[in-house]
Amino acid sequence: MGITGANRRTLWRRPTALILGVLAGCTSRSVPARPAAPPSPSAREAEIRIGLYVGAASASLGGGGSVAINEPDGARIATIPRGEQWQVRVAGPGLAITSPSGWVSPQLEAVSLAATDPRAPLWVNGRAYRGVGEIIRDRTGLTIVNRLGVELYLLGVVSAEMGRRSSAEQAALRAQAVVSRTYALKNLRRWRAAGFDLYGTVADQAYGGVAAETAEGRAAVSETRGRVLTYDSALIEAFYFSTCGGRTAEGYEVFRGAVRPYLRSVSDLNERGSAYCSISPRYRWREEWSGEALRTTLQRNLPPVPGTMSTAIVTVTDLRVTQRSASGRVEQLAIGLGSTEVRVDGHSQIRQVLRLPNGQLLRSTVFSVMVTGAGRNVTSVVIDGAGAGHGVGLCQWGAVGRAREGQDYQQILAAYYPGTRLERRY
C-alpha cells in the first residue's frame with residue numbers, strides 16, 4: 001500500500017487479498033551494497049516470520065557474503081560462496097538445492113539460510129533481506145520465509161508503505177512506523193498454519209527488504225523504537241490505507257465486527273476547509289465505461305446470484321447507488337439486468353464488481369454514478385470518486401499533509417485513532 005508503490009498497494013490497503021509471489025530465476029552476480037548497520041536488538045523485542053513466497057516452484061539464493069545452508073536441526077548441508085547464485089526447487093515431496101557447478105543436495109523437507117557475516121544480507125531471487133531464511137515444502141510448492149526481529153522488519157516496511165519522504169514529512173514516517181509496529185505485534189501468528197506470521201505483501205503490509213529501506217525510514221523506526229498504540233492497555237486494530245478523500249470511515253462500515261471506540265469516522269479537513277490528503281494523486285478521480293465495457297466487467301466480476309449466470313448478463317439496464325454509510329461511502333449498489341435486479345452489498349464486493357480493465361479494484365467506495373440509457377440499455381457509465389482504500393484508521397496521504405503543516409507524529413496518530421495511547425513496549 002505504499003504511497004509510491006506501482007501496483008502492490010497502489011495507495012490503498014487491501015487486508016483480505018492474498019497476493020502470492022511469482023518466483024523467477026536470477027542470473028545477476030553483482031553484489032548488492034551492504035545495508036546500513038541495524039539497530040541493537042533487545043531481549044524483549046519479538047521475532048517475526050514473513051512469508052515472502054508461497055507455492056513457488058523454484059528460487060535463486062545467495063548473499064552479500066557467504067551463506068550457510070542448514071537443516072532445521074542446525075546440521076550444515078553446504079555453504080554458498082559470496083556472490084554466487086544457487087537454486088532451490090521442488091523435488092518430489094521435498095526440495096533440492098543445486099549449485100552452479102552441478103552439485104545437488106539430497107531431497108530435503110526444509111532448510112534454513114544464515115549469512116556467516118550478520119552484516120551481510122541474504123538474497124532471494126536477487127532481493128536482499130536482513131535476518132535468516134527458511135524454506136519449507138508446502139502443498140503446492142515452496143514457502144520461503146524471512147525470519148528477523150520486528151525492528152529490522154520495520155526497516156523494510158515503512159518506506160515501502162510511504163515512499164521516500166522529505167525531512168518536512170518525517171512525522172508521517174514516524175506515525176507509519178508506530179502503526180506498522182502495532183499491526184505486526186497484534187497479528188503475530190496470523191498465518192501460523194502456513195508457517196509464518198505475516199505476508200510480505202498487501203495481504204498484511206508491504207515489505208521490500210533492504211532495497212525498500214531509506215535513511216528517513218530507518219530514522220523513523222529508530223526514533224519510535226518499541227512504541228505502539230493501545231486502547232485499554234491492549235494493542236489496537238491498526239488499520240490504515242492510502243487516501244480518505246476528506247473523511248475516514250467507521251470501522252464497522254468496512255470490516256465486520258470492527259466496532260472499536262478508536263475506529264471512528266473523522267474529518268480530514270484543516271482549519272481552511274481543505275483535506276490534508278488533497279495532495280494525494282488519488283484524492284479525486286473518474287472512471288468511465290461504455291455499455292459494452294460495463295457488460296464485460298459485470299460478466300467477469302459479478303458474483304453468482306440465484307437464477308443469474310454470467311452468460312445471462314446480456315443487457316444492463318441500470319446501475320445506481322441504493323444505500324450509503326454514515327461517512328458517505330457506498331454500501332449497496334443496484335444493477336439492472338433486464339427484468340432482474342441484483343443488489344451488491346459491502347465495501348469489498350462493490351470494489352470487486354467494478355474492477356478496472358487492468359484488474360485493479362475500484363479505488364474506493366466514495367463515489368457518485370452517472371448513467372446514460374438507464375431503464376432501457378445502458379450506453380455509458382461515469383463514476384466520479386474520491387480517495388483510495390477502505391478508509392478505516394490512518395490516512396497515509398493525510399498523515400503526509402499533516403506533517404507538512406507541522407503536526408508531530410503523536411498528533412497525527414491521535415487524529416486518526418482517537419482515544420488511543422502511545423506506549424513503549426520495549
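**View 1. Five strands in an open sheet.** Two strands count as paired when DSSP finds at least two bridges between them. With that in hand, welcome to this predicted model, in which five strands build an open sheet. Reading across the sheet, the order is β6-β5-β2-β8-β9, and the pairing is antiparallel. At the edges are β6, spanning 94-98, and β9, spanning 127-129, each of which pairs on one side only. Ignoring direction, neighbouring strands of the sheet are turned by 30° against each other on average. Strands of a sheet pair through backbone hydrogen bonds, either parallel or antiparallel.

**View 2. Strand β8 beside strand β9.** Here we look at one pairing within the sheet. Strand β8 covers residues 122-124, and three bridges join β8 to β9. The two strands run antiparallel. To find your way, look for W123, which stands opposite A128 in β9.

**View 3. A tilted pair of tryptophans, W86 and W103.** Seven aromatic pairs turn up in a search of the whole structure. One of them joins W86 and W103, with 5.6 Å from centre to centre. Their planes are 45° apart, and the pair is tilted. Where do W86 and W103 lie? W86 lies in strand β5 (residues 86-91), while W103 lies in the loop between β6 and β7 (110-115), so the pair ties together parts that are 17 residues apart in sequence. W86 is buried, with a relative accessible area of 7%, whereas W103 is partly exposed, with a relative accessible area of 32%.

**View 4. An edge-to-face pair, F196 and Y199.** The ring centres of F196 and Y199 are 4.9 Å apart. Why is this pair edge-to-face? The planes of the two rings stand at 80°, and planes over 60 degrees apart count as edge-to-face. Buried or exposed? F196 is buried at 2% relative accessibility, and Y199 is buried at 7%.

**View 5. A cluster of tyrosines.** Three residues come together in this view: Y129, Y153 and Y207 form one aromatic cluster.

**View 6. Arginines over tyrosine rings.** Which residue has its charged end over the ring of Y283? That residue is R284, whose charged end sits 3.9 Å from the centre of the Y283 ring. Another arginine to look for is R402: its charged end sits over the ring of Y416, 4.8 Å from the ring centre.

Technical notes. Residues are numbered from 1 along each chain as its sequence is written. This is a predicted model: local features need pLDDT of at least 70, side-chain atom pairs count only at pLDDT 80 or more; totals for chains, interfaces and linings use all residues. Side-chain values use heavy atoms; hydrogens and water are left out. Helices (H or I, at least four residues) and strands (E, at least two) are DSSP runs, numbered from the N terminus. Axes are lines fitted to C-alpha atoms, for helices over the stretch in contact, and angles run from 0 to 180 degrees between N-to-C directions. Rings of Phe, Tyr and Trp (its six-membered ring) pair if their centres lie within 6.5 Å; planes under 30 degrees apart count as stacked, over 60 as edge-to-face and the rest as tilted. Buried means under 20% relative accessible area, exposed over 50%, partly exposed in between (1.4 Å probe, protein chains only). A charge sits over a ring if NZ of Lys or CZ of Arg is within 6 Å of the ring centre and within 35 degrees of the ring normal.
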